[in-house]
Amino acid sequence: MKATTPALLLAAALLSTACGEGRAIFNVDVYSFMAGTGSDTVPYAIPPATSATASSPAKEINLPPGFGSSVIDSVHITGTANLVNTAGTGTIGFRMYLDSTSAGTLNPSALAINLTPVNVSGNATAPMTIVGDLSGALKTLFTRSSLWVRVEIIGNNPGAVPVTGNMVLTALQLRVVIQDKLF
Amino acid sequence: MRTGVVALALALVFLAPLRAARAQFSFDARRIGMGGVSLTRDGNLRRYNAAYRAVKDRAASGNAKMTIPIPLGLIQFFKDHPINQLGDDPMFDPKSPQFNPIQLLNTVLNLPIFLEVKKAPTPTNDVEFTVGKNQLIVDLGAAQVLIPEDQFGIGGSSRLLDMGIGAMGFRFSVQGFENHDLGFFLDDSLRTFLKEGHPARNNTTYDVVGEALVQAGFAPTLSFSGRVLPGAGGKDSDDGLYLGGAVRSYYGVTYYRAVGPGGFTTGDTLFAGPNPVTPFLDALTYRDNDPKKSFGRGLGGDVGIVFISGPLEVGFGANDIGAELTWKDTKVQAVYFDTTLDKVADSLVVNNIETKTKIPVTYIANAAFRMGTGTTVGGDIVNNGRGTVIHVGGEQRFGPLAVRGGVSRDQRKKMQFGWGGGVRFGPLGLDVGFWTHSNSFADKRGVTMATSISLY
């Protein structure tokens, strides 16, 4: 027995069997796990006439255990971020990686979201809306009791001045719909 | 971990409705058609009222020599779930996407002996969890009704055997007895968390307080039952005042008792930080050391009274009055969750001490009125040691035909309804009864159609 097991969640999840054939829906506030840890902010500095990536440290997200045999119906991601640009003109894209291990989030196969780049310019803040749905193998990660998330930005600088700034997450939520198969 | 919490959750969700099921089930369609009341001098009356053992079966009262249920429900059940395919049946296969533990338990609670003409719907609502680093909200939706407000559990006393001899109203016998009581209640934190969707709090214990007792043994019994006053109808009639009583010396062979809270405690942060959620268990268990060395001893008794005057019949009986057993050689252990070893552990608290247990008093009060027009009405109040059940019903006979109806209030204080009818040709009777029940995990009632053949 692991004392670290979030037993409260598990008990609640077990009680959700009362819903019979109903679904278990998890609204996971990923941002709350990342805020204040440094994982919610990604500094970027893109030299002139290049493309570059920058990333935050991977962060572990706890989920209710016991859904190993469940079927994940869908995973919908929503969120917002601010691109707090301090200099230069270019585009900043947003990527999110999910995996069962911290190191696994570095693999290309862990790519969960790849948003269309947003234009940034000068000393200004550009809002970014994060919306996406997971598909395929990544959905099965949510049958685990925890997963790791890593946020990456990819910047493109066509100009002659370095593009610098910070991508600051302001909200990131997952809505996981599970066909309840606890036993 | 999972096993323990599964057991906890199963206890929470599953035990609450059990008591209604076991208290109300009958194989007799006549009784079911009258909402559970029995208008004949059998079953509960003789079990719970010592005086009824002296009251003869009423001539032409409808006491059947044998009642055989017609298991239409079993036929339907095995048609839907062929025996040779049970291994692959989604109903019994937890790996199947169609497996629904609630449906399976409903089947256990409502044994498919009789036909379920209206099934209580199984809750199928979504359950929503809101999870954050320091946030957890569980919205069970319509399934919140399944979370019990008060103490819940199962319990009762049984006479496992009754062998003896008697004469002149006196009887000496040896009875086996068994008593079990399993009760739980949720503490306020857990109840509001699950039932009202309150957010989980930091540094808070969420627990279920449980108490379980099982005891069994045998009891030499000296009893008396007889008519002490004849009634206006004379000795040849049933009229009169009947008294019954018994004195019982209990020899407890074994007992086990456990009491205490179990649950979990949240840390400084719900899903992060140095103090994660920690399982919590702090119970005491009691058990007799060796029945070969000493028995749990006690004295108790039964009383009963029946008054019959023409069409009117009333009675009251109580059992196991004053039955307190003293166990001379008991071991007390503490069962707790050891956070260092990360497992459940136990330790001896004290050994070879004297402890006492009680067998709950059970009682029945009944009344029946037989009119000369073929109408019989009656009712009873039965308490088997854990909750009271009330039945009121009646029967109207038209020659070989009978029409029946009744209501009852079950142990969950829900009103239930019964109706039905029958036809009798000489020694053979065919009866059908319909009965609403709330033994399912749903607010809505189900309806069972019972059919039985009676041999008179």
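**Entry 1: B:Asp320**

I began with the burial of B:Asp320 in this predicted model, and I noted that it counts as buried because 24 C-beta neighbours lie inside 10 Å, where 20 or more are needed. I then placed B:Asp320 in strand E11 of chain B, which covers residues 312-321.

**Entry 2: B:Met168**

I looked up another residue with a positive phi, B:Met168, where the angle is about 55° although the residue is not a glycine. B:Met168 sits in the loop of chain B that runs between strand E5 (152-167) and strand E6 (170-186). Is B:Met168 buried or exposed? I recorded B:Met168 as exposed because it has 7 C-beta neighbours inside 10 Å, and the limit for that class is 12 or fewer.

**Entry 3: strand E3 of chain B and its partners**

I followed strand E3 of chain B (residues 127-132) and noted that 5 of its 6 residues are buried. Which strand of chain A pairs with E3(B), and in which sense? I found that strand E1 of chain A (residues 23-29) pairs with E3(B) in the parallel sense, over 5 bridges. Within this pairing, A:Phe26 has B:Phe129 as its bridge partner. Within chain B, E3(B) pairs in the antiparallel sense with strand E4 (residues 135-139), over 5 bridges, and B:Phe129 has B:Val138 as its bridge partner there. I recorded E3(B) and E4(B) as a hairpin, with 2 residues between them.

**Entry 4: the nonpolar cores**

I then looked at the largest nonpolar core, which has 60 residues, and listed A:Val28, A:Val30, A:Leu98 and A:Val149 as those with the most contacts inside it. The largest share of this core comes from strand E11 of chain A (residues 163-179), which supplies 7 residues. Leaving out residues up to four places away in sequence, I found that A:Val28 touches A:Ile61, A:Leu63, A:Gln173, A:Leu174, A:Val176 and, from the other chain, B:Val131. I also noted a second, separate core of 20 residues, which includes B:Ala51, B:Tyr52, B:Ala246 and B:Tyr363.

**Entry 5: chain A as a whole, and its confidence**

I counted 2 helices and 11 strands in chain A, in the order α-β-α-β-β-β-β-β-β-β-β-β-β along the sequence. Chain A has 183 residues, and 47% of them are buried. Of its contacts with a separation of 6 or more, 84% join residues 24 or more positions apart.

The mean pLDDT of chain A is 83, and 83% of its residues reach 70 or more. Over residues 1-20 of chain A, however, the pLDDT is below 50, although this stretch has 82 contacts in the model beyond near neighbours in sequence.

Note on methods
Residues numbered from 1 in each chain as written. Chains lettered and ligands numbered in written order. Predicted model: local features only at pLDDT ≥ 70, side-chain atom pairs only at ≥ 80, totals over all residues. Helix = DSSP H or I, 4+ residues; strand = E, 2+ residues; numbered from the N terminus. Contact = placed C-beta atoms within 7 Å. pLDDT = per-residue confidence, 0-100. Core = buried A, V, L, I, M, F, W, Y, C linked by C-beta atoms within 7 Å. Pairing = 2+ DSSP bridges.
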